[in-house]
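Please work through the exercises below with the sequence and the 3D structure open beside you. Try each task before reading its solution.

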Amino acid sequence: MNTVEDRLREALRERATHSPIDPDAWEQAVARSRRRRWRVGRVRAGFAAPAAAAAAIIAIVIGMTSVIPRSTPGQSGSVPPTQSSSATGGKPCKVVRNVRKMWICFSAIVNVKQGSGHQATVTSFFFGYSVNPQADNVGRSPDFCAISRLQLPPAPNSAGPDGGGSCTKATLNAGDLADSSGSILNIQYGIAARLVTSVTAVLIDGRRVRGVVVSGRGFLNKAWLVTYPKQEAATLLFFDAAGHQVSKLFMPAYDQDFRVPSSGGIALFRAKGGSMVAYLVNGLITFSVANTWEGGFPAAGGPAVTGLLGSGSYWAGSECFGYVHPGVARVVIRLTSGYQTTASAFTPGWPGSGVRFFATGVPQYGPATQGTVTAYDAAGHVMAQEPLIGTGP
Amino acid sequence: MADLHAGLETGRLGAGTGDDVAVGVAGLFRARYPEMVRLADLLGADDPEDIAQEAFARLIRKHGSLRNPEAAVAYVRRCVVNLTRNRHRHLRVVRLHTPAGRHEDSSEQAVILREDHREVLAALAGLPPRRREAIVLRYWLDLSEREIAAAMGVSPGTVKSNVSRGLAALAQALGDRT
């Protein structure tokens, strides 16, 4: 007679053969991995690429005309990086081919090199139009594209992407002087108005990291980048030639290794997958429900209001929530669909933090829906207006 | 938004300088995804694919801090165990607030699985979560105590205890039924 252990082994082995495997599992896992990344700004297309693929893409983009000087490998934030550009004239320079989309660029391609050795990255900026190969037409609105990749192959056994990039909206919203377009590796990048000449990231612990602002022929706006650990939240300060601060952006932390703290959190509302709970860890606020989380917001020092737009399987499906700092009497949520609602009832946050939470349902919205949240004081003055941060798939 | 993911589709994320070290997330996914689905299934997850995909999604997000494929496998395995445990915890709460319903295997499973295997698996399902985890990791994946401890987030001594007590409980349950 078989022992319990033998019977156990056989039963487990046989049972395991009946587990279902979805052929689209990889695509779904990739989609999930991107779901919880903050998308500050309106990223329309992005990709991560290994060094070889990224290099091939760059070669096509640049048409082999761009030369990255090998001298003065700058250390991020300390030594100014080098840059070079390849003017492409008025006609389309080259076509970027990747899996699903292409771009025709109309600007020069400006390369910014940072770091050295295996850590050296080259980021290429250009402006162009997306091409739909199926419909054989060109997009009507220009894109700002950024592609970053490690200059050298990564060290053996290293894990992680070797590059990537995104193409996003090329223009600034009215009144804005700078906007974030996305991130790849530890590089944050975006566009800024002509008068912006420098950018500095101030991390939550006060450290300052200087970034780079560049321009090139045909650029609709300047391009900026700054490199710091993406697990840290930061405030980006933008300055003009006279050294005056002209704009700032708050960047939440990306890719936190979040663990629910034993001290517990503050339950905000009932979502589809459970209670939406806010946690405070190391000065950062994280919202979590059903093993998913969105987090990295500074509890202090950020804008007067931070708002999120929730959707997806773990979320209730359509809600707007976030937190405010002292002095805010109400918040108004405005979606691009035209919907508008006000929240003036707040859930108290942690004692001494000054943080209070709001949450309100909003109608079901499409993937292109964006919005803003505006904080008003008791006298009706606007304290802050911030774009809503999309969550979920 | 169109996610292009050119690199991910090549399966060479985290590739080294040679093919022998070109074990990236995509490659790891191809090699280990079925195993992780089965692990979640054997641990009693109601949607094992959901668990396995979430575990790999976390790996993709964490890739920068994992330096070798073995660490990645251990990380994903631990994610599967933790996520399944969390899912059980969640379902226990849900069941407190919903009318009692008994879990039934599909008719396909009922036909396919041998009677004695069903008995064993039913007894396994009746074990406390950590004993079940230790048993599955030990007798299905043939992991060492150290590896099981890493996956469960406990000490090797606790693993030994869980396996021993789990086996004893299984023996008693199977003995009672025969």
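Predicted model: local features only at pLDDT ≥ 70, side-chain atom pairs only at ≥ 80, totals over all residues.

Residues are numbered from 1 along each chain as its sequence is written, chains are lettered from A and ligands numbered from 1 in the order in which they are written, and side-chain values use heavy atoms, with hydrogens and water left out.

**Exercise 1. Describe the secondary structure and burial of chain A.**

Begin with the elements, which are DSSP runs numbered from the N terminus (helices are H or I with at least four residues, strands E with at least two): chain A has three helices and 30 strands. Next take burial, where buried means under 20% relative accessible area, exposed over 50% and partly exposed in between, with a 1.4 Å probe and protein chains only; of the 393 residues in chain A, 56% are buried.

**Exercise 2. Work out how H2(B) packs against H7(B).**

Step one is the geometry: helix H2 (residues 25-42) and helix H7 (residues 129-139), both of chain B, have axes that come within 10 Å and cross at roughly 140°. Axes are lines fitted to C-alpha atoms, for helices over the stretch in contact, and angles run from 0 to 180 degrees between N-to-C directions. Because of this angle, H2(B) is oblique to H7(B), given that angles under 35 degrees count as roughly parallel, over 145 as roughly antiparallel, 65 to 115 as roughly perpendicular and the rest as oblique.

Step two is the contact, meaning heavy atoms within 4.5 Å: H2(B) contributes Leu39(B), Asp41(B) and Leu42(B), and H7(B) contributes Arg132(B), Val136(B) and Leu137(B). These residues divide into four nonpolar, no polar and two charged, where Ala, Val, Leu, Ile, Met, Phe, Trp, Tyr, Cys and Pro count as nonpolar, Asp, Glu, Lys and Arg as charged, and the others, Gly among them, as polar.

**Exercise 3. Describe how H1(A) packs against H2(B).**

The axes of helix H1 (residues 4-16) of chain A and H2(B) are 10 Å apart, at an angle of about 120°, and therefore H1(A) is oblique to H2(B). Leu12(A), Arg15(A) and Ala16(A) of H1(A) meet Arg38(B), Asp41(B) and Leu42(B) of H2(B), a contact that divides into three nonpolar, no polar and three charged residues.

**Exercise 4. Which residues of the largest nonpolar core touch the most other members?**

A nonpolar core is a set of buried Ala, Val, Leu, Ile, Met, Phe, Trp, Tyr and Cys residues joined through side-chain atoms within 4.5 Å. Among the 56 residues of the largest one, Leu8(A), Leu12(A), Leu39(B), Phe56(B), Leu124(B) and Leu137(B) touch the most other members. H2(B) supplies the largest share of this core, with 10 residues. A second, separate core has 19 residues, including Val112(A) and Leu225(A).

**Exercise 5. Is Leu127(B) buried or exposed?**

First locate Leu127(B) in the loop between helix H6 (115-125) and H7 of chain B. Its relative accessible area is 9%, so Leu127(B) is buried. Leaving out residues up to four places away in sequence, Leu127(B) touches Arg132(B), Ile135(B), Gly166(B), Ala169(B) and Leu170(B).

**Exercise 6. Describe the backbone and setting of Asp142(B).**

Asp142(B) is not a glycine, yet its phi is positive, at about 55°. Asp142(B) lies in the loop between H7 and helix H8 (145-152) of chain B, and its 46% relative accessibility makes it partly exposed.
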